[in-house]
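Here is a short report on one chain. Please look over the sequence and the structure before reading on.

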Amino acid sequence: MVYKMQLATEYFNKIRNGTKTIECRLYDEKRKLLKVGDVIEFANVKNEEEKIKSEIVALHKFSNFSKLLDCFPITILGGE
């Protein structure tokens, strides 16, 4: 299955250049459909013609953002 999502240009570029390797979203009804092996097509919000396809290789669920940061460095989430 292919899912479409938009990203701010800053984060889109970080995915494109490989510095952002994890995308995190709230676990809402749309995200509950995602499965390992599915593909997300990210579009740049400022230029929706720019797209990147990425395969889901793992899904991690955390009860809060602090627990996420206990497992992953903020840099691979796109932060500084």
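## Strand pairing

Two strands pair if DSSP finds at least two bridges between them. The model is predicted. Strand S1 covers residues 2–7, and S1 pairs with S2 in the parallel sense. The pairing runs over six bridges. Within it, Tyr3 stands opposite Ile40 in S2. Between the two strands, the chain passes through helix H1, residues 9–17. This β-α-β crossover from S1 to S2 is right-handed.

Phe42 stands opposite Ile52 in S3. The link from S2 to S3 is a hairpin of two residues. S2 itself spans residues 39–44 and is mostly covered. Five of its six residues are buried.

## The nonpolar core

In soluble globular proteins, nonpolar side chains tend to be buried together. Which residues form the largest nonpolar core here? There are ten: Tyr3, Met5, Leu7, Phe12, Ile15, Leu34, Ile40, Phe42, Ile52 and Ile56. S1, H1 and S2 are the elements that give two or more residues to this core. S1 provides the largest share, three residues.

Phe12 is one of the core residues. Leaving out residues up to four places away in sequence, Phe12 touches Leu7, Phe42, Ala43, Asn44, Glu50, Lys51 and Ile52. Among these, Leu7, Phe42 and Ile52 also belong to the core.

## Arg31 in the loop

Arg31 lies in the loop between H1 and S2. Is this residue buried or exposed? Its relative accessibility is 15%, so Arg31 counts as buried. The cut-off for buried is under 20%. Apart from neighbours within four places in sequence, Arg31 is in contact with Met5, Arg25 and Leu26.

## Thr9 in the helix

Thr9 sits in helix H1. Its relative accessibility is 24%, so Thr9 counts as partly exposed. That class lies between the buried limit of 20% and the exposed limit of 50%.

Which residues does Thr9 touch, not counting those up to four places away in sequence? They are Asn44 and Lys46. Asn44 is also touched by Phe12. How far apart in space are Thr9 and Glu50, C-alpha to C-alpha? The distance is 9.7 Å, while in sequence Thr9 and Glu50 are 41 residues apart. Glu50 is among the residues that Phe12 touches.

How values were computed:
Residues are numbered from 1 along each chain as its sequence is written. This is a predicted model: local features need pLDDT of at least 70, side-chain atom pairs count only at pLDDT 80 or more; totals for chains, interfaces and linings use all residues. Side-chain values use heavy atoms; hydrogens and water are left out. Buried means under 20% relative accessible area, exposed over 50%, partly exposed in between (1.4 Å probe, protein chains only). Helices (H or I, at least four residues) and strands (E, at least two) are DSSP runs, numbered from the N terminus. A crossover is right-handed if, with the strands pointing away from the viewer, the path from the first strand over the helix to the second runs clockwise. A nonpolar core is a set of buried Ala, Val, Leu, Ile, Met, Phe, Trp, Tyr and Cys residues joined through side-chain atoms within 4.5 Å. Contact means heavy atoms within 4.5 Å.
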